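Reader: I have a chain open on my screen and some questions about it. Can you put it up so that we look at the same thing?

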Amino acid sequence: MRIRTGARAAGRMTTQMLSKRKRKTGLSSSKNSILGSRLGNSRLSALNAQNSLSTRLERIGYEKLQKSSSSLVQEAKLLGEKVDTGVGDIGAAAESMVKNYNETMQYLRESSGMLNDFYRQSLKETVLSNSIELADIGFKVGNDGSLSLNKEKLAAADPEKVKRLLGGSGDLVKRIDAIASRAADNAKVNAENASSRYNASGGLSGSYFSRYNFRG
């Protein structure tokens, strides 16, 4: 009898120990599962933040391009009007156009896409093909298509040469106007698309983490 009673007691102890061990194992597995979920969420959060930042910077770049190219259109037209009428400070208008032209070239260079590269090359070719005539009236064309202005030389230049090159009916101003207008329209569309992606990314992220909000 003592042997049987001892055996039964030993069996109960073994069963209790196994049950306890299973409970511990289950708890450990549960903790590991929660930890794994948290790590996965952290990686997803970091990736989403990186994508959102990249899209935001892309949108800002297109907005800058839209602003500079739209200003270039306005300044080119204003310069053409002043040259045609002979009224107003032509030097200041030319200086403003050069500033917006160079900024537009910079933002086109920094932006991705075949169209932006096409617009940049078109502006570059436009000024390079007129580099000799531009030099005669105070404009210097860089190898990268950038412009610089000598206002004193422009003021002393032959008015007919200035009008022929910078007047509203001249090919140079017309071409710069046309290219910059298309660049501005394209930048506006790209900025709107980037803004939509940025907002969608933030919305999806918020929805995901509101559903899977693990707390310690």
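Author: Before we get to pockets, one term: a pocket is an open set of grid points with protein on both sides within 12 Å along at least five of seven lines, and its lining residues have an atom within 4 Å of a point. Also, this is a predicted model.

Reader: Fine. Which residues line the largest pocket?

Author: The lining consists of V83, D89, I90, G91, K151, L154, A155, A157, P159, V162 and K163. Helices α2, α5 (151-156) and α6 (159-166) are the elements that each give two or more residues to that lining.

Reader: What volume does the largest pocket have, and how does its lining divide into nonpolar, polar and charged?

Author: The volume is about 160 Å³. Seven of the lining residues are nonpolar, one is polar and three are charged.

Reader: D89 is on that list. What does D89 do at the end of α2?

Author: D89 caps the N-terminal end of α2, with a side-chain oxygen 3.1 Å from the backbone nitrogen of G91. G91 also lines the largest pocket, and G91 is among the buried residues of α2.

Reader: Which other residues of α2 are buried?

Author: Besides G91, they are A93, A94, M97, V98, N100, Y101, T104, M105, Y107 and L108.

Reader: What span should α2 have, and what does the model give?

Author: α2 covers residues 90-110, so at 1.5 Å a residue its 21 residues should span 30 Å. The end C-alpha atoms are 30 Å apart, which agrees.

Reader: Back up a bit. How many helices and strands are there?

Author: The chain has seven helices and two strands. Read from the N terminus, the order is α-α-α-α-β-β-α-α-α.

Reader: And how much of the chain is buried?

Author: Of its 216 residues, 31% count as buried.

Reader: How many residues are in the largest nonpolar core, and which have the most contacts inside it?

Author: The largest nonpolar core has 34 residues, and L134, I137, F139 and L166 have the most contacts inside it. At least two residues each come from α1 (2-85), α2, α3 (114-128), β1 (139-141), α6 and α7 (171-211). The largest share, eight residues, is from α2. As a general point, nonpolar side chains tend to be buried together in soluble globular proteins.

Reader: Take L166. Where does it lie, and is it buried or exposed?

Author: L166 lies in helix α6. Its relative accessible area is 1%, so L166 is buried, the cut-off being under 20%.

Reader: Switching to α3. What is its length, and which residues are buried?

Author: α3 has 15 residues and reaches 21 Å from first C-alpha to last, close to the 21 Å expected. Its buried residues are N116, Y119, R120, S122, L123, K124, T126 and V127.

Reader: Where is D117, and why is it called partly exposed?

Author: D117 is in helix α3. Its relative accessible area is 38%, which falls between the 20% and 50% cut-offs, so D117 counts as partly exposed. Its C-alpha atom is separated by 9.7 Å from that of M105, 12 residues apart along the chain.

Reader: Last one: where is G113, and what is its relative accessible area?

Author: G113 is in the loop between α2 and α3. The figure for G113 is 46%, partly exposed. The C-alpha atoms of G113 and N190 are separated by 10.0 Å, although the two residues are 77 apart along the chain.

Methods
Residues numbered from 1 in each chain as written. Predicted model: local features only at pLDDT ≥ 70, side-chain atom pairs only at ≥ 80, totals over all residues. Heavy atoms only, no water. Helix = DSSP H or I, 4+ residues; strand = E, 2+ residues; numbered from the N terminus. Expected span 1.5 Å × (residues − 1). Buried < 20%, exposed > 50% of the residue type's maximum accessible area, 1.4 Å probe, protein only. Polar contact = N/O pair within 3.5 Å; in protein donor to acceptor, adjacent residues only side chain to side chain. 1 Å grid on protein atoms, 1.4 Å probe; cavity = no way out; pocket = protein on both sides within 12 Å on 5 of 7 lines; lining within 4 Å. Points joined across faces, edges and corners; volume = space filled by probe spheres on them. Nonpolar A, V, L, I, M, F, W, Y, C, P; charged D, E, K, R; others polar. Core = buried A, V, L, I, M, F, W, Y, C linked by side-chain atoms within 4.5 Å.
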